[in-house]
Amino acid sequence: MKTDGDFRHESLQSRKTIKAFLEAVTKGVGKGQLTLSDAENEITLDPDGLLTLRVRGSRSGSDCRLDLRITWSDDSATPEEKSAPKVS
């Protein structure tokens, strides 16, 4: 059974810690299950099928930012198959 929820966490971390976190995300995506948790919250996500990846980087003066977003649909229903469009 899937349960809805939201997980948010923000903290200062070293490059080494962030590298380990990204490796864990990679491993979780590979096995099809990601469990995110901290002292206050936990959520499990099940990435499967085609996933959308969005990468964005920016720099403004001394402020730098990297955003990574992975999205997918948890809907287990098979999408309706449609025939190809015709041109005449």
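In which helix do Lys19 and Glu23 both lie, and how many residues apart are they? The tour reaches the answer at its second stop. The structure on display is a predicted model.

**Stop 1: the whole chain**

Begin with the entire protein in a cartoon view. One helix and four strands are present, and from the N terminus on their order is α-β-β-β-β. Next, switch to a surface view. The accessible surface of the protein amounts to about 8800 Å², and carbon and sulfur atoms account for 50% of that area. Of the 88 residues, 6% are buried. Contacts may be considered as well: among those between residues at least 6 apart in sequence, 31% join residues at least 24 apart.

**Stop 2: helix α1**

Select residues 15–31, which form helix α1. The helix contains 17 residues, and at 1.5 Å a residue it should span 24 Å.

Now show the side chains of Lys19 and Glu23. Both residues lie in helix α1, four residues apart, about one turn of the helix. An α-helix has 3.6 residues a turn, so residues three or four places apart point the same way. Lys19 and Glu23 form a salt bridge, and their closest N and O atoms are 2.7 Å apart. Lys19 is exposed because its relative accessible area, 52%, is over the cut-off of 50%. Glu23 has a relative accessibility of 44% and therefore counts as partly exposed, a class that lies between 20% and 50%.

**Stop 3**

Select residues 34–37 for strand β1 and residues 42–45 for strand β2. How do these two strands run, and how many bridges join them? They run antiparallel, and four bridges join them. Together β1 and β2 form a hairpin, with four residues between the strands.

**Stop 4: the nonpolar patch**

Return to the surface view and colour Ile18, Phe21, Leu22, Val29, Leu51, Leu53, Val55, Leu66, Leu68 and Ile70. These residues form a nonpolar patch on the surface, and together they have about 900 Å² of accessible area. Which elements give two or more residues to the patch? They are α1, β3 (52–60) and β4 (63–71). The largest share, four residues, comes from α1. Leu68, one of the patch residues, has its place in strand β4.

**Stop 5: the remaining salt bridges**

The whole structure holds three salt bridges, including the pair of Lys19 and Glu23 already visited.

For another, select Asp67 and Arg65. Their side chains meet in a salt bridge with an N to O distance of 2.9 Å. Are these two residues buried, partly exposed or exposed? Asp67, at 24% relative accessibility, counts as partly exposed, whereas Arg65 is exposed, with a relative accessible area of 53%.

Finally, select Asp6 and Arg8. Asp6 forms a salt bridge with Arg8, and the closest N and O atoms are 3.1 Å apart. Arg8 has a relative accessibility of 70% and so counts as exposed.

Key
Residues numbered from 1 in each chain as written. Predicted model: local features only at pLDDT ≥ 70, side-chain atom pairs only at ≥ 80, totals over all residues. Heavy atoms only, no water. Pairing = 2+ DSSP bridges. Expected span 1.5 Å × (residues − 1). Buried < 20%, exposed > 50% of the residue type's maximum accessible area, 1.4 Å probe, protein only. Contact = heavy atoms within 4.5 Å. Areas by Shrake-Rupley, 256 points an atom, 1.4 Å probe, with all protein chains shown as cover. Patch = residues over 30% accessible without salt bridge, like charges linked within 9 Å, V, L, I, M, F, W, Y side chains within 5 Å. Salt bridge = Lys/Arg side-chain N within 4 Å of Asp/Glu carboxyl O.
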